[in-house]
Amino acid sequence: MINNNTLSQTMSASELLRERIADGTAKVGVVGLGYVGLPLISAFTNAGFQCIGFDVDQRKVDALLKGESYIKHIADQTIGEWIEKKMLDPTADMSRLAEADVVLICVPTPLSDTRDPDLKYVTSTTEAIAKVLRPGQMVILESTTYPTTTRDVMVPILEKNASGLKIGEDFFVAYSPEREDPGNADYTAAGIPKVVGGVDEASTKLACDLYSKAIVQVVPVSSAEVAEACKILENTYRSVNIALVNELKTLYDRMGIDVWEVIDAAKTKPFGFQAFYPGPGLGGHCIPIDPFYLSWLARREGMATRFIELAGEVNTNMPHYVITRVAEALNDAGKPIKGSRILILGMAYKKDVDDSRESPSFELMDLLLDRGADVCYNDPYIPELPPKRRYQDLPSLSSVPLSSEYLRAMDCVLIATDHSDYDYDFIVKHSPLVVDTRNATKDVTEGREKIRKA
């Protein structure tokens, strides 16, 4: 660790950090060891950098120290090798932030109950860094947030450091949005281009130097605000287009037209069209949240983002639409929702991952329980129902087996997540009624009269 006394008199803080990055001796600290932090550690360890992993959840730290992974697409063996080779040093001790030459912040940025940005994890992490900040350190925020967060929220906290260090001279600050896509084997953290924007020119250059060592391509932009806005644009783009197909689904269902067949036909056009697909609602940490960040920012600026807010309204209402379709399907079978045994397939927010952040399946379960249904679930990647801040009243449930007997005992099977592990022919064959929100049963031929799309 370096400090004011040991910093070379002939080498500036930026030059010293640039040299450490160049020769691979810079220590990379990652705060938040979840679906963003661990893949980022993978990218940097593969590039030869030693990493210190910080997380306030001691259970995660203990698991990593034992060589155990809690994320499906990162193997136990990989974690074990990091620990054995001393490439990763997991800790819950935030005072050790001083040991890192670069600190990457990958903490959650949820919405408050009023759908305003909740930056408490960002600010608390920044405050912890400010307490131990030393010359030659760089702090980079990767958490999704609204434009101006880095400059207006983080920088003032860091500038209050006890040593009187100056930004751009003694320490450096940048923003580089995470672009993780859990479960997508085609794109790892190291293989996705990295947008980088600093609060000053020196910070931008140093951040680009760092990421270029571990990431396939670095895309520098003129400011942290541009990088922040880039992330919001990417996810709002998806939110708006998903809302469009979700709304068309409700219209086409009423007309007896299969929206998935329509999309498959439309995507044969080799230009001017990108396929988006409907579902039971939005999930994941970014897409259900980011547009509301932008709407909040617009209100702060005295503007209304009607297009974005409409998309949010459509997507938020999709679980209610699904429950209406479930009620109609059960009604056709002469049964009410109340008292019906309903099995939800998939609690993860997308197929083939163990990530349940903002998953619409929790809203579906909550709505069904409110209507008096007897609800259970199956998910091969989520053996126990994890606690959720917004759904504290949900019962403690475990994934049930998908036996023919269990399926026959249900009144309705609701496909919420289209995991590849599921044998949809088997599920449809043994279930009395299937409501499919993902078009997962498109290739099933036997028993199609039992399938309802939602």
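Start by selecting tyrosine 422, which sits in the loop between strand S11 (412-415) and helix H14 (424-430). Helices (H or I, at least four residues) and strands (E, at least two) are DSSP runs, numbered from the N terminus. The model you have open is a predicted one, in which local features need pLDDT of at least 70 and side-chain atom pairs count only at pLDDT 80 or more, while totals for chains, interfaces and linings use all residues. Residues are numbered from 1 along each chain as its sequence is written, and side-chain values use heavy atoms, with hydrogens and water left out.

Stay on tyrosine 422 for a moment. Is it buried or exposed? Tyrosine 422 has 8% relative accessibility, so it counts as buried; buried means under 20% relative accessible area, exposed over 50%, and partly exposed in between (1.4 Å probe, protein chains only). Now show its surroundings. Beyond its neighbours within four places in sequence, tyrosine 422 is in contact with Leu345, Gly346, Asn378, Asp379, Pro380, Leu402, Thr417 and Ile427, where contact means heavy atoms within 4.5 Å. Zoom in on asparagine 378: its backbone oxygen lies 2.7 Å from a polar atom of the tyrosine 422 side chain. This is a polar contact, meaning a pair of N or O atoms within 3.5 Å; within protein, one must be able to donate a hydrogen and the other to accept it, and residues adjacent in sequence count only if both atoms are side-chain atoms. To try a distance yourself, pick the C-alpha atoms of tyrosine 422 and alanine 454, which are 32 residues apart along the chain and separated by 19 Å.

Next, select serine 361 in helix H12 (residues 360-370). Serine 361 has 1% relative accessibility and counts as buried. Its side chain reaches the backbone oxygen of glycine 346 at 2.7 Å. Leaving aside neighbours within four places in sequence, the contacts of serine 361 are Ile344, Gly346, Met347, Ala348, Ala416 and Thr417.

Then widen the selection to the whole of H12. Why is this helix largely enclosed by the rest of the structure? Eight of its eleven residues are buried, so the rest of the structure largely encloses H12. After H12 comes glycine 372, whose phi is positive, near 85°.

Two more backbone stops follow. Most residues other than glycine have a negative phi. Select aspartate 352, in the loop between S9 and H12: its phi is near 65°, a positive value in a residue other than glycine. Aspartate 352 counts as buried, at 19% relative accessibility. Then move to asparagine 439, in the loop between strand S12 (434-436) and strand S13 (451-453). Asparagine 439 is not a glycine either, yet has a positive phi of about 60°, and at 9% relative accessibility it counts as buried.

Now for a pair of helices. Show H8 (residues 224-255) with H11 (residues 306-332): their axes come within 8 Å and cross at roughly 45°. That makes H8 oblique to H11. Axes are lines fitted to C-alpha atoms, for helices over the stretch in contact, and angles run from 0 to 180 degrees between N-to-C directions. Angles under 35 degrees count as roughly parallel, over 145 as roughly antiparallel, 65 to 115 as roughly perpendicular and the rest as oblique. Residues making the contact include Thr236, Val240 and Ala243 of H8 and Phe307, Val314 and Tyr321 of H11.

For a second pair, select helix H5 (residues 120-132) and H6, whose axes come within 8 Å and cross at roughly 25°. H5 is therefore roughly parallel to H6. Val122, Thr123, Thr126, Glu127, Ile129 and Ala130 of H5 meet Val153, Met154, Ile157 and Leu158 of H6.

While you are here, pick arginine 151 in helix H6 (residues 149-158). Arginine 151 is partly exposed, with a relative accessible area of 31%.

Last stop: the cysteines. How many disulfides are there? With a disulfide defined as a pair of cysteine sulfur atoms within 2.5 Å, the count comes to zero. Select cysteine 51, which is in no disulfide: the nearest cysteine sulfur, that of cysteine 106, is 11 Å away. Cysteine 51 is buried, with a relative accessible area of 3%.
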